[in-house]
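Work through the exercises below with the structure open beside you, and try each task before you read its solution.

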Amino acid sequence: MIVAEQKPIQEILAMLPEHKKVLVVGCDTCVTVCLAGGEKEVKVMTAALRMAPKPLAEVTGISIERQCDGEFITEISEQAAQCDIILSMACGVGVQMMSDFFPEKPVLPALNTLFMGSNEGAGYWLERCLGCGDCVLDLTAGICPRTRCSKGLMNGPCGGSENGKCEVDPENLDCAWNLIYQRLKSLNRLDSLMAIQPPQDWSKSHDGGPRRLIREDVKL
Amino acid sequence: MASKKVCVVGAGISGISVANDLAQAGIDVFLVDKNPYPGGQSVFYGCKAADECVRCGVCLVREAVATLKNKTGAECYFSSRPVGLRSSNGSMEIDIQSSANLIDWQACVECGRCVDACPEQAIEKVPGWKYFVNEKCTACGKCVDACPVGAISLKRSKEQITIQVDGIVLAAGYEPFDPAINRKWGFGTNPRVLTGSQMEKLFFEEKYLPVKAQNVAFVQCVGSRSTMEGEKHCSRVCCAYALRMSGRLKQEYPDLNIDLYYMDIQRFGKNFDQFWDQIKGKINLIASNPISIKTDDRGLPVVRYESLPELACREQTYDIVVLSNGISPARDAENLADLFNLDLNTAGFLVSPGNGSAGTNPGGIFTAGTCKRPMRIDDCVEDAAAVSRQVMHSLGVQVYP
Amino acid sequence: MADSILIIHCAEGAKKALARMSEEGHKLPPQFKTFELPCTGSVNEVLLMENLQNGSAGVVVLGCQKENCKHMDGNLRAERKVARVKKLLSEAGVEGKFVEMIFTAPDEGKRLHNTLLEFSQAAEAKGKRK
Amino acid sequence: MNSTRSIVAVLCDHQCSPNGPVQASQLQKRLSESTSIDKLIVLQKACQDQEKKLKNIAGQKVLFAGCPYLEESGFYTRAAENLGLGPGEMLVTDVKSSIFDLYESSETIEDNLVGRLESLGRLLADSVAVKEPPVKLKRNVLIFGSGLSGLKAALELSGEKLSVDLVETEDQPVAPGCLAGGLNAPGQIEELTEQARGSEHVAIFPYRQMGPIQTVEKGFTVSFDGAQQREYGAVIYAPERIEAPAEEVGAWNLTRLYSRIMEGHSIKGRIVFILDREGETAPEVVRDVLTAAKAIKERSHAEIWILLKQVRVALPGLQELYDLAREMGIIFVKYQALHLKNDFGDFQIDGQDPQTGAAFQINKPDRVILPGRSGLSQAAVQVANSLGLRLYNDTYTQPYSLWRLANESNHPGVLVCGSARGNMDASGVAEDAASVVLALKQRLRGEGIIPVEHLASVDKDKCAYCLTCLRVCPYGAMVKNVEDRVAQVITTACQGCGVCASECPAEAITLRNLSQESVLAGMHKLLFSSI
């Protein structure tokens, strides 16, 4: 699932020009489940924009099944025709799709798309996949070293692995290589660690361990 | 089969809980209490929640009283006491001396007009219950005219009733220890020395402190764990209420300085550790016993105690001193023991023959609540549930069809 | 009424506290309206925002004392939601509207009354300043 | 709106009403224009058996308005019974609380009442009547834990001819951690196990055979060793507490000491118990300590020291136990600070007396006893998680609202018994088991559970199957419906608190008679009624 987080409302307000009709469009799939841009959040956003001191001509809210499918987007072409600006509460994919379908309207993002992750309990999401396009999970017992090792190491743990915890955050973060080792050992497949993996260029993306989104207001 | 009848003596939290439980199982309950209202001691206690609920259990009392009023349908004899008992063939006859209630609680609709009409403030409201007339009444009769349903009559009369029952539950409660019997506590002579019971009433009225104060002392184990005063038992409630009260006072008056003189702090409740960690940083705990209280020339109470690190006698002046008085056996425990043929233990509490877990009692007499040992409110509720189960068992009342 | 304040209270401790308040003769000013829900846990952001948008000056969520919610932690959930809406309002620069969470024990009529009155006074003062 | 059933308002207009007399004629006139109220009936002194006057409105939805006393006098219940009204077909409003609205206000009571009645009438029009038959529960009971509490509960229930399945957490029925069945009640566990094995109503299964516990509509199902699912109406959670090993090498914890004493070993020499070392020792543990010290002293000439910070006596009989121990020559020392030097089992204890400030030293004690932190076993934690029970530090079940019975857990079908609720001694466990049985019977009595008014329901089309509701429900009342790929409400467990409805991201959950729209409409009406 794609995990996203709402942008601070000041930022959204700053994006919106004055005296325009705004259509807030939610997406009922991933961002609904991670409580960032579903029908409920659309209602809250609409109310907040209406109450905000910034003069906006009109704010309407609507939510569609998926913003990454054109068939669903065309359902709202009538509403879209009547507005000046579209505020999309979907992930980056949805925002881009909306721009494609309504080329004459500015489409603004209301969310920051964060990562692909799992739901680890109410209000707690954890990154599990990087989408690197080169899956090594067969060799690492189903635990991704690229995502879950803070340093993205491919050939075993670094010296910062202590008592199964990662030195980057020894309280909360497990050492992925320790997990891989334990799991491979229990599966009796330690030999798959013998092959040496070539390094990958991480300089342009992702470092610092799996990104996590913890929302105190929904977690309990 | 005719329904069974049980007489519950004492309408405090234990008695009411027993009555509610028994009535739910289809037993006819007669409730007898010496006060003109149900609820006993704890109905005028106040909530001690500071930031969060500290489980003092006071709201349980209100809940139980409200259930008694709305659902239970017990036959209530207030301002009454048992005076005689005859038993034959498993059934018992109990004599009850009853004073007529000035306000007929069943007719009262709680409009509150009598309270407004009374010039003496002699009519009080019991939380969760209705009204009663206190001793300030001068029988002027204004309330009688004000009542729209004619529920008030000011004729005081006494009568003796005899009821036939299958079992008796004694829930006679306790007497708060009276520190006035020993002059060393300074109670009764200095109005700034209060008991825990008086504090409870202030908490109930949401006044918290009677006068403005900077320094407050709580003195623990007053009337508990002291062979000198003949009360050797631990009252089990005082540490709890003193700590809870100080927590609440601290919230109400953040600048208040609270000292707590203790012998040993007793654990209570499941989340004691959490509560204890919160509270112990906010107040000063002073291990010292025994202590005495004098009055200085400004009229302020002075606590005289033994300072343990220096092994010296020290004195400290306070604005208010609260004596955490313990639980003493009920004043008429001896009479009750005579009347119902029960024993008293060394501390003076009632011992019931049927208090094993077997649940059978050939005598048909059970004891519940603080008349057998000191208990907290939630303990009383649990104990009442256990006793009512014993009663049902011994009367052969099936809870399950 | 434009300056009305909605009190959303639970059907347990908060309801008892309101009853006790009126029993003791403490009356609330007319702008307060009360609405009962089974538990404050069923309050969500939509409910709060739409009420504010519909014109109430403020919403007070009145729940049981902490640690004493009949439904485990409904009151704490409500507190989080209220905090979130508060943040949203302040960040969006909305003025003259407020949301607040109050925890109350069932036995504290006077304290509750005082707290509620403080709210209406604060709201009034804000209104006058504007 | 249900057009076939009209909404009738019934108002009590007695002079004792706190609002004083209502201008009934004026109210009639105002309400005749109302869209949500079809008819108004005004009763005089409704509390005095006036419900018989309502016969002609049978079959309609009714809105009652009166003073709080009407509820207490049972007027509403009687009227509902006479008219056959279910929870979704009537609403009650307390006229007294409208006093809030009238304070320092120019509006009249009639204005206020009309507003209130209209908004409530709208709510009532949308509501659906509750007409479900109560759910029949299975009369089988699953007990997890074969310690003293589990066995006691099992035997009490088998006496009531309920069939009981008991799950043993250890292969040995006497779990070493079950202190309650140790010295405080010698031989009791063996005796009870014997009885349980002999009872035709009790079946005993080992824990390793137990599959996951599943919550279903009418209770719970479990399969043992892959065999057919067994069904239960209720679960009693009665795991034994286990004690952590002593924190120092060479020291014993209480469990070890107990088993040594029970096995008949005599324990000699200088024996030191250290209490209150980390945090505060519970009085129940103090009692276990004193019982053990007494037992050692009875059997041998040991020199026993008990080091403690506070004398804890807040349990019945504990003071007497202290006195007895003192008479037997057990030495009690209060300490302020304590230093324990441990050289692989050779101890040296340095302490300071708070009374005199004097230092004391105990050299080379033969045995040091450190009561460990007691908690639940891993198996018990697993079972608790599968039942949706809340645990507190993996030690106790969650401290629960005072409004509930002590044995109730957050899952309505699960009762917690014995020391899972906190430290308990043998007699406490016995009492607790008995009250659990009572509570259980009350649940099974009447062959079901009365449905709550604001029961949650899931809109299958809207449900995103995100399982947020499973995670937030405080009662474990939400389960996966694997066939339809939606969340499902267990109606016997749902308490209608509405947390799931407020958290559901897809707005697929609604409470009966309290949908989000009707709540918003009601609030809106309330806010603008008095203009």
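**Exercise 1.** Which residues of the largest nonpolar core touch the most other members?

*Solution.* Bear in mind from the start that this is a predicted model. Begin with the core as a whole, which holds 331 residues, and then pick out L170(B) and Y237(D), the two that touch the most other members. Next, ask which element gives the largest share of this core: it is helix α12 (residues 426-444) of chain D, with ten residues. Now look around Y237(D) itself, leaving aside its neighbours within four places in sequence, and you will find it in contact with residues including F144(D), A384(D), L387(D), V414(D) and A420(D). Finally, notice that another core, of 34 residues, lies apart from the largest one, and that L11(D), V62(D), A79(D) and L85(D) are among its members.

**Exercise 2.** Describe how helices α8 and α9 of chain D meet.

*Solution.* First locate α8(D) at residues 254-262 and α9(D) at residues 283-299, whose axes come within 11 Å and cross at roughly 35°. The crossing is left-handed. Then list the residues that meet: L254(D), L257(D), Y258(D) and I261(D) come from α8(D), while D288(D), V289(D), A292(D), A295(D) and I296(D) come from α9(D). Sorted by class, this contact has eight nonpolar residues, no polar ones and one charged residue.

Note on methods
Residues numbered from 1 in each chain as written. Chains lettered and ligands numbered in written order. Predicted model: local features only at pLDDT ≥ 70, side-chain atom pairs only at ≥ 80, totals over all residues. Core = buried A, V, L, I, M, F, W, Y, C linked by C-beta atoms within 7 Å. Buried ≥ 20, exposed ≤ 12 C-beta atoms within 10 Å, placed from the backbone. Helix = DSSP H or I, 4+ residues; strand = E, 2+ residues; numbered from the N terminus. Contact = placed C-beta atoms within 7 Å. Axes fitted to C-alpha atoms, helices over the stretch in contact; angles between N-to-C directions. Left-handed = near helix turned anticlockwise from the far one by under 90°. Nonpolar A, V, L, I, M, F, W, Y, C, P; charged D, E, K, R; others polar.
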